[in-house]
Number of protein chains: 2
Amino acid sequence: MADNTDERNRRTPDPRRRSQRARNAIVDAAEELLGEVGYSRLTMEAIAARARVGKQTIYRWWPSKAAVVFDVFTRLTGAEAGQPLPDTGDLAADLKTVLRATADEFSDPAMDRTTRAFTAEVQHDEEFARAVTEQLVRPNCEAVKDRLRSGQAAGQLAPDADLDLAVEMLNGPVNHRWLLRTAPITHEFVDRVVDTVLRGLRP
Amino acid sequence: MADNTDERNRRTPDPRRRSQRARNAIVDAAEELLGEVGYSRLTMEAIAARARVGKQTIYRWWPSKAAVVFDVFTRLTGAEAGQPLPDTGDLAADLKTVLRATADEFSDPAMDRTTRAFTAEVQHDEEFARAVTEQLVRPNCEAVKDRLRSGQAAGQLAPDADLDLAVEMLNGPVNHRWLLRTAPITHEFVDRVVDTVLRGLRP
DNA sequence: CCCGTGACGAGACGATACGTCTCGTCCTTT
DNA sequence: AAAGGACGAGACGTATCGTCTCGTCACGGG
């Protein structure tokens, strides 16, 4: 406990000296390979080789394969996470806009593969699950909830409507359909989900 | 192409000669180990050792680790898959009964671990996903749909209500909450889901 | 009823990928 | 200018994979 200087140096490298070149090369390589061979056959060694990087450089900055893929994902989704929803005054239309975009993302093969890798990892790594929830899921849910709150204030939802429930009822069906691949996720489908939820929660 | 007798003998062993003892021991061992170390650290070698079985005996009858866990799962859920729902005349009550049972299953640690293993595997194995969908998901959805149809005939749902949509809107939110561990799945939650969906789809 | 086919338990085997480590080089901070 | 440390490269021991090869024994067709 006393003198952990050695250990700290070993465990927490200096971020200021981190090579941005290597970092990008690694995430690039991971993204490419993810598309080529899928998550389960994605290996750290292949990422290192493709990125022309020592394996240690990966392990120095990322604790696991999942963490690397996490960065691939956040770069794909960009700054969009937690972005507030449009507010045109028409609650249904705004929700449809967002959910349609989600549907389109799910239909994009690259995004699909990455998101599945992700979902799988969330299942057997609870720590990773927490990170994903905090940094991606929660912000998005909050953004939707904000828009719902504004709609509620405008009298488009019952004053006592449970907004957390509403969020889950909007996302759940879309997610469920994608997860189990029961049917394609069309705009028509998400539109109907929105309509039904709003109908169920209106004043 | 011509003479594949050798290959056939090798590839398709005689099911009549299959050892029931070995089969049970393997599924038992897999279930135990799944509970002890989790799916990602579950190995074929450990299963074979615990079951006192040659590895080849596992590979002879199951193509993958996922397939073994599939059998663990179907044995846990028992014959319940595809069972018709109760029909007391009160659609909301019947749906709540079933969804509460689902909620309780999700809360059982053993079931939780197995189901997560499952969900993860469904993500990176499309073939496996098909098997799961056909043999577990579809029958359950159909059972719910049947009950909804009967409720629709009784005038409790709009005549033009989309029953496939309804099924997904019932299961989706529960599944979503469990999947992302956003909040505990209480009876109150599933009750509200049922109420909201029925309200959204009533005549 | 008995022979032969083939499933069984056990484990050796080569192949992969893991995560750690050790170099020598070169960049960056002080 | 010096030093510390991140870098690329790859060797290393370990773990697990899926296949294979034994010798044994039980089942089922003749």
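The model is predicted: local features need pLDDT of at least 70, side-chain atom pairs count only at pLDDT 80 or more, and totals for chains, interfaces and linings use all residues. Residues are numbered from 1 along each chain as its sequence is written, and chains are lettered from A and ligands numbered from 1 in the order in which they are written.

Visitor: How many helices and how many strands does chain A have?

Guide: Helices (H or I, at least four residues) and strands (E, at least two) are DSSP runs, numbered from the N terminus. From the N terminus on, chain A runs α-α-α-α-α-α-α-α-α-α. The count is 10 helices and 0 strands.

Visitor: What percentage of the residues of chain A count as buried?

Guide: A residue is buried if 20 or more other C-beta atoms lie within 10 Å of its own, exposed if 12 or fewer, and partly exposed in between; C-beta atoms are placed from the backbone. The C-alpha trace of chain A spans about 65 × 45 × 30 Å along its principal axes. Of its 203 residues, the buried part is 35%.

Visitor: Which helix gives the largest share of the side of chain A that touches chain B?

Guide: Two residues are in contact if their C-beta atoms, placed from the backbone, lie within 7 Å. The contact takes 31 residues from chain A and 31 residues from chain B. On the chain A side, the elements that give two or more residues are helix H7 (109–124), helix H8 (126–153), helix H9 (163–180) and helix H10 (187–201). The largest share, 10 residues, comes from H9(A).

Visitor: Why do the copies meet through the same surface?

Guide: By class, the side of chain A that touches chain B has 11 nonpolar, 13 polar and 7 charged residues. Ala, Val, Leu, Ile, Met, Phe, Trp, Tyr, Cys and Pro count as nonpolar, Asp, Glu, Lys and Arg as charged, and the others, Gly among them, as polar. The copies meet through the same surface because the interface residues of chain A that are also interface residues in chain B come to 100%.

Visitor: Which element gives the most to the surface near DNA strand C?

Guide: Elements giving two or more residues are helix H3 (44–51) and helix H4 (55–61) of chain A, with helix H4 (55–61) of chain B. The most, 4 residues, come from H4(B).

Visitor: How many charged residues does the surface near DNA strand D have?

Guide: H4(A) gives the largest share, 4 residues. By class the surface has 5 nonpolar and 8 polar residues, and the charged residues number 11.

Visitor: Is H7(B) largely enclosed or exposed?

Guide: Helix H7 of chain B covers residues 109–124. Its buried residues include Arg113(B), Phe118(B) and His124(B). They pack against H7 of chain A together with helix H2 (20–37), helix H5 (65–77), helix H8 (126–153) and H9 of chain B. With 12 of its 16 residues buried, H7(B) is therefore largely enclosed by the rest of the structure.

Visitor: Which residues have the most contacts inside the largest nonpolar core?

Guide: A nonpolar core is a set of buried Ala, Val, Leu, Ile, Met, Phe, Trp, Tyr and Cys residues joined through C-beta atoms within 7 Å. Ala166(A) touches Leu148(A), Ala161(A), Val197(A) and Leu201(A), not counting residues up to four places away in sequence. The largest core has 52 residues, and those with the most contacts inside it are Ala166(A), Leu170(A), Ala166(B) and Leu170(B).

Visitor: What is the phi of Arg181(A)?

Guide: Most residues other than glycine have a negative phi. Arg181(A) is found in the loop between H9 and H10 of chain A. Arg181(A) counts as partly exposed, with 17 C-beta neighbours inside 10 Å. Its phi is positive, near 50°.

Notes
The expected span of a helix is 1.5 Å times one less than its number of residues.
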